[in-house]
Amino acid sequence: MKTVFVSIIIFLIMSCKFNDKEDRFTIHSDKIMEDKAFPKKAWWKEAVVYQIYPRSFKDSNGDGIGDIQGIISKLDYLDRLGVDVVWLSPHFDSPNADNGYDIRDYRKVMEEFGTMADFDQMLAGLKQRGIKLIIDLVVNHSSDEHEWFKQSMSSKDNPYRDYYIWKSGKDGKEPNNWPSFFGGSAWEQAGPDGEYYLHYFAKKQPDLNWENPKLREEVYDLMRFWLDKGVDGFRMDVIALISKQQGFKDMDSIGLQHPEFTYAYGPRLHEFLKEMNQKVLSNYDVMTVGEAFGGTPEMTMELTDERNEEIDLAFWFDVARIGRDNWYQNDWSLTEFKKLVKEQCDVNYYNWPTIFLTNHDNPRTVSKFGDDSPEFREPSAKLLAMLLLTQRGTPFLYQGDEIGMTNFPFASFDQFDDVEIKGNYAKVLASGISPETYLEELNQSGRDHARTPMQWSDEDQAGFTSGDTSWLAINPNYTRINVKDNLEDPNSIFHFYRKLLDIRQDNEGLIYGDYQDIAPEHPNIFAYTRTGAKATYLVILNMSSSQDALELNSSYTDYQLVIANQAVENKLLNNTSLKLGPWEGRLYQKNNTYHENIKN
Ligand code: NOJ
Ligand code: CA
């Protein structure tokens, strides 16, 4: 009697469980389409994006500056790698105060990079290979050489005056104490009327006045210009900064340490983005990703909540910038890192995360998150590829990641090109920091690490240019770290990325599946599952340069190895005690039997 009773209870529990899973995983049921556990599908959620910094990608004419024909010559390379979307950093006409993030003409291609015909050829070449293109939209500010600004500066009565933000000084000084991110005041006096204009970045980057509806229409027009050419969306530069706090009140000493919290998420940000979406974006099938620093996760989520119809994706910098305080790099722990990753993955149903570890403003992925010593560079770069491509969120790879490019060994300040580093030099030294300390920190945190030219081969100038020099020094390690060697070696970092890209694209569970950190407290091993409709994936990454072990519970036995960055003897996971070598990473998979039951 007792046995019968127990059996009935077990049966009831099992059938509830089964129904539960059936509810979640039967894709064709209408009921499930509404199930909030399943993200809605979109091409930009499934895509892997590759960022090109054109100045440093490939030079085609020997002047030492990367250009569009250079990119065209490498389209087959991108195709071979298998990325779905290219994000091109600014390619517009610019005097290059900040390498193109200061635009003089939004409808013209930078002369050094080529012509509009080159751009069209590149776009067509990408499309032929099934690769989409998103471009940089830099509309928080323009160049001071933009025609709008020249007009605006010429007089108070000029019709373009209100395209920018002008204020009169206070007691013969700047209108308030706001600082520029690139050193000094955020105000510069200019023009015949003695007023000051606002510039959050360099003084050659005056901020546009989004309060002015005419300016907004100009922006929407230039967006349409590029969308009508067939580009597939935008990465939006510092988009959270476009709406200014109109009071223009002085900051207190805490505000001055992190001005981004005053500058970002101004009162009309959502209104402006909704208008942009309604007037422009909603008419095209495109993706948008906003650079959104300076707010809380909740504030960022409001930008990307699909119910708000603003933008699709945002870059949160907490993971990529872990431990950073401006240019200072503090120590950080893997447990903190995991918490930040989880925070991003836990966005609500209406949001979709991004995952990235670097871009053109940050040090190299392997140097910050891996170990770039000769012994561990390769395994750690491969492990970081596993991390990037098995996370829940749209991955963004940065050029050179796929061959494990490293930070540059800067030995003196004159080797830097970056306007941020140069602009802040005086202020940093005035605060009592020695040049040696600043240089040491910049060797970890500086933006130029990511900007040294791509290392294509072991020939002179790393095959980047046929000329004698390049605009920024080439990392001397190009003789051993370059694309040519990577392509020839089937076990290279490049080929590992390529395989992982294939695996991600073939396994929907790695894209849409649930994320669960299964060892959040482990100090060295990052272990998580991704649970999709058909399979569950188990990712185990030893993010340290020493051996370590992980105890798994028995539910993880019988998982099959999919890919690993080091040789693994037993392809079947049948042991709950795992020992992992330094930077060893494994991806396992187990088919969901209940799914098979449903199918039968
Ligand atoms: C963010 C860009 O990524 C960075 O490179 C640039 O300096 C600033 N925005 C200003 O446009
Ligand atoms: Ca060139």
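**View 1. The right-handed crossing of α8 and α11.** A crossing is right-handed if the near helix is turned clockwise from the far one by less than a right angle. The model is predicted: local features need pLDDT of at least 70, side-chain atom pairs count only at pLDDT 80 or more, and totals for chains, interfaces and linings use all residues. Residues are numbered from 1 along each chain, and side-chain values use heavy atoms, without hydrogens and water. Helices are DSSP runs (H or I, at least four residues), numbered from the N terminus. Helix α8 spans residues 213–229 and helix α11 residues 269–279; they pack at about 40 degrees, axes 11 Å apart. Axes are lines fitted to C-alpha atoms over the stretch in contact, with angles from 0 to 180 degrees between N-to-C directions. R216, E217, Y220, M223 and R224 of α8 meet F272, E275, M276 and K279 of α11 (contact: heavy atoms within 4.5 Å).

**View 2. Packing of α16 on α17.** Helix α16 (residues 419–430) and helix α17 (residues 435–445) pack at about 140 degrees, with axes 10 Å apart. That makes α16 oblique to α17. Their crossing is right-handed. I421, N424, Y425, V428 and L429 of α16 touch P435, Y438 and L442 of α17.

**View 3. The surroundings of ligand 1.** Ligand 1 is surrounded by 13 residues (a heavy atom within 4 Å); D98, H141, D237, H360 and D361 are the closest. A side-chain N or O atom of H360 is 2.8 Å from a ligand 1 oxygen. For R235, the distance from a side-chain N or O atom to a ligand 1 oxygen is 3.0 Å. A polar side-chain atom of R447 lies 3.0 Å from an oxygen of ligand 1.

Technical notes
Chains are lettered from A and ligands numbered from 1 in the order in which they are written. Helices (H or I, at least four residues) and strands (E, at least two) are DSSP runs, numbered from the N terminus. A polar contact is a pair of N or O atoms within 3.5 Å; within protein, one must be able to donate a hydrogen and the other to accept it, and residues adjacent in sequence count only if both atoms are side-chain atoms. Angles under 35 degrees count as roughly parallel, over 145 as roughly antiparallel, 65 to 115 as roughly perpendicular and the rest as oblique.
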